[in-house]
Amino acid sequence: MVDFTRLEQYLEIDTNQYNDTSLETLNAYIRHYALYVPFENINVQNGWPLALTDEAMMHKVVDEQRGGFCYEMNHFFKHYLEYKGFEVKALSATVLSPTGWAREGSHMSLQVMVEDVPYVVDVGFGDMPKFALPMDETDVQDVTGSYRVHHVDGTHYDIEKWSDDNHQWQTCYRVLNEPKQLKDFKDGIAFNQSSPDSIFVQGLLITMATEVGRNTLTDNHLTLLVNGEKTIQDTTAENYQTFLNQYFDIPKIAIHTFDSSYENE
């Protein structure tokens, strides 16, 4: 069994203060993870295998100071929460992008029970609050905006974010409320890892929450969201290594978009 105390030490979690199954503790775990571990698709960009075991993710997060995307991050975080005594189930979800619905059921989300009350938890999506979302449709505020769960029917619910531009709630993704196992995401994993139609194959995406907003890096731009204000810089072969380290705490690592060789110092 993987030693999750290594993760807690890396995330600087005070296990004396946070060592029960309360909502306060759950939110502390989410917040620490979100602030330390970036969402990133470097493995996909470089054609490397995903880290789909706890051992592989522990090495990737703690030893390489890296992150991952939904299957890696939420699968790993689910096992950590279960290790801490929480009741957790993985659910399949379909992401809604500006161009339409993504591949059905290809996103993994989590649902965590706290005192018999369900909450949405997702450390493997590029735009979520740093705490669990209540499922009673209450809108909750993080520095990156307002979020809520909206129940569509008896089996589906949406994760929504308020759009100041359109003055309405916009769907981030739709969840099928049926427990899933990692093997149920086999087709989605294959698609997102290798299909030319996958956004993760099409380009680099690294994003990580901060205390005041979010940092996001693509092949073209570095976007810094600070207290609601955005600044954008161009990404180049000369500066992306600096951006990786300065804004995501990722050590030097070559991405094939810029350099086909692999280096990690």
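Modeller: Let us begin with contact, which means heavy atoms within 4.5 Å. By that criterion, and not counting residues up to four places away in sequence, L7 touches M58, V61, V62, F76 and Y80. This is a predicted model, in which local features need pLDDT of at least 70 and side-chain atom pairs count only at pLDDT 80 or more, while totals for chains, interfaces and linings use all residues. Residues are numbered from 1 along each chain as its sequence is written, and side-chain values use heavy atoms, with hydrogens and water left out.

Colleague: What makes α4 roughly perpendicular to α5?

Modeller: The axes of α4 (residues 54-63) and α5 (residues 70-83) come within 10 Å and cross at roughly 105°. Angles of 65 to 115 degrees count as roughly perpendicular, those under 35 as roughly parallel, those over 145 as roughly antiparallel and the rest as oblique, so α4 is roughly perpendicular to α5. The axes are lines fitted to C-alpha atoms, for helices over the stretch in contact, with angles running from 0 to 180 degrees between N-to-C directions. Helices here are DSSP runs (H or I, at least four residues), as strands are (E, at least two), numbered from the N terminus.

Colleague: Which residues in α4 and α5 meet?

Modeller: D54, M57, M58, K60 and V61 in α4 meet E72, M73, H75, F76 and H79 in α5. The residues of this contact divide into five nonpolar, two polar and three charged, where Ala, Val, Leu, Ile, Met, Phe, Trp, Tyr, Cys and Pro count as nonpolar, Asp, Glu, Lys and Arg as charged, and the others, Gly among them, as polar.

Colleague: How do you know that L110 is buried?

Modeller: Buried means under 20% relative accessible area, exposed over 50% and partly exposed in between, with a 1.4 Å probe and protein chains only. L110 has a relative accessible area of 0%, and therefore it is buried. L110 is found in strand β4, and its contacts beyond four places in sequence include N74, F77, V88 and Y119.

Colleague: Why is P134 also called buried?

Modeller: P134 has 16% relative accessibility and therefore counts as buried. P134 is found in strand β6 (residues 133-134) and, leaving aside its neighbours within four places in sequence, is in contact with Y119, V140 and V149.

Colleague: Why are H167 and D249 put under other headings?

Modeller: H167 has a relative accessible area of 60%, so it is exposed, whereas D249, at 43%, counts as partly exposed. H167 has its place in the loop between β9 (156-163) and β10 (168-180), and its phi is near 55°, a positive value in a residue other than glycine. D249, in the segment after α8 (240-248), has a positive phi of about 60° although it is not a glycine.
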